[in-house]
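Please keep the sequence and the 3D view at hand.

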Amino acid sequence: MSQLQFSFIIPVYNRPDEIQELLQSFDALEGDKGFEIVIVEDGSENSSKTVVEGFAKKLNISYFYKKNSGPGDSRNYGMQQAKGNYFIILDSDCILPKEYLIEVEKSLKDEYVDCFGGPDAAHHSFTNLQKAINFSMTAFITTGGIRGSKKSVDKFQPRSFNMGLSKAAFEASNGFGRIHPGEDPDLTIRLWDLGFKTKLIPEAFVFHKRRISWYTFYRQVNKFGMVRPILNKWHPSTKRVTYWFPTIFCLGLFLSVILLFFHVKWLFVLYLVYFVVAFILAFFSTRSLRVAILVIPAIFVQFLGYGYGFLKSTWAVSVLNKHAETHFPKLFFKQK
């Protein structure tokens, strides 16, 4: 392994307020400040250029504006412009803890891999809804462990809100594809096929702000569910029964309600126990009664959105054998 030279790659779309917060956290990072930051404005109407210029004297930062072509293509563009030999890709709605880069460098020096991922956490300044959704998205009791972890039997699939990628791995794989969401697991699987290794760095977490409402949360997880059968068809070796869990969960919940009309209560009671356990875990995790209450609908929305999207997409691409890009054009950015 040669000397690590880090380049942070950050696509942004109409979010100058997010870039402001993220760059402030860069300025507060501990350790070596010899990294560069590459901001790629993906066809935004509300530009971040003025915000970036305000940090030009504090940080080694470059700004590029391009036509809108999606986050995957913008990350590829940023990596092509970067000067480092190891890229760290972040979403614009993230905030870095001050120890972030120290933990990344320490882990890579101890056990080098060409691709890593880090978890996300809720910052104390987040709204109760953001904290509830963060718990729902990351907790082991929901779908937080599906993509793998240190204790998982499956390999870890990094996500591009907090993902490291060596220049060698980028050049060998050609980076992200045009599917969105799903471009990050697709890249990870292709890297595995090329012989590259991935790992989780638990200490390299970010505060993932997710500026979101109930409606946008449903849309997001619904798309997550829709892309997974497409990835399963592209990469059959990665199929897992665990991807069916949200769909089965929702079908079982609806069945339990129907059975109540026939005085069959045991299945509904099991679901009540599950939600009570989730509430208790959320309360002790967040120390907030309000957040713990919001976790209940957050889990339901997450499972319903993902489960329905997964079932609909499975029927289309696996049963009816529809062409994914033709049938679900909104999941793909057009080639520029």
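Is R15 buried, partly exposed or exposed? R15 is partly exposed, with a relative accessible area of 32%. The model is a predicted one.

## Salt bridges

The whole structure contains eleven salt bridges. One of them joins the side chains of R15 and E18, at 3.7 Å from N to O. E18 is buried, its relative accessible area being 4%.

R75 and D91 also pair through their side chains, again with a value of 3.7 Å from N to O. D91 sits in the loop between β4 and β5 (94–95) and R75 in helix α3 (residues 71–81), so this pair ties together parts that are 16 residues apart in sequence. R75 counts as buried, at 3% relative accessibility.

Within helix α4, E105 and K109 lie four residues apart, about one turn of the helix. The closest N and O atoms of their salt bridge are 3.5 Å apart. E105 is buried, with a relative accessible area of 19%. Salt bridges with shared partners also link D42, K66 and D73 in one network.

## Nonpolar cores

The largest nonpolar core has 33 residues, of which F8, F26, I37, L90 and Y100 touch the most other members. Elements that each supply at least two of its residues include β1 (6–12), α1 (16–27) and β2 (36–42). Contacts of F26 include F8, I10, I37 and L90. Another core, of 19 residues, lies apart from the largest one and has A132, I141, Y271 and A282 among its members.

## Helix α8

Helix α8 (residues 214–234) spans 31 Å from its first C-alpha to its last, close to the 30 Å expected. Its buried residues include F217, V221, M226 and L231. Among the elements covering the buried residues of α8 are α5 (128–138) and α11 (289–319).

Definitions and conventions: Residues numbered from 1 in each chain as written. Predicted model: local features only at pLDDT ≥ 70, side-chain atom pairs only at ≥ 80, totals over all residues. Heavy atoms only, no water. Core = buried A, V, L, I, M, F, W, Y, C linked by side-chain atoms within 4.5 Å. Buried < 20%, exposed > 50% of the residue type's maximum accessible area, 1.4 Å probe, protein only. Contact = heavy atoms within 4.5 Å. Expected span 1.5 Å × (residues − 1). Salt bridge = Lys/Arg side-chain N within 4 Å of Asp/Glu carboxyl O. Lists of a residue's contacts leave out its neighbours within four places in sequence.
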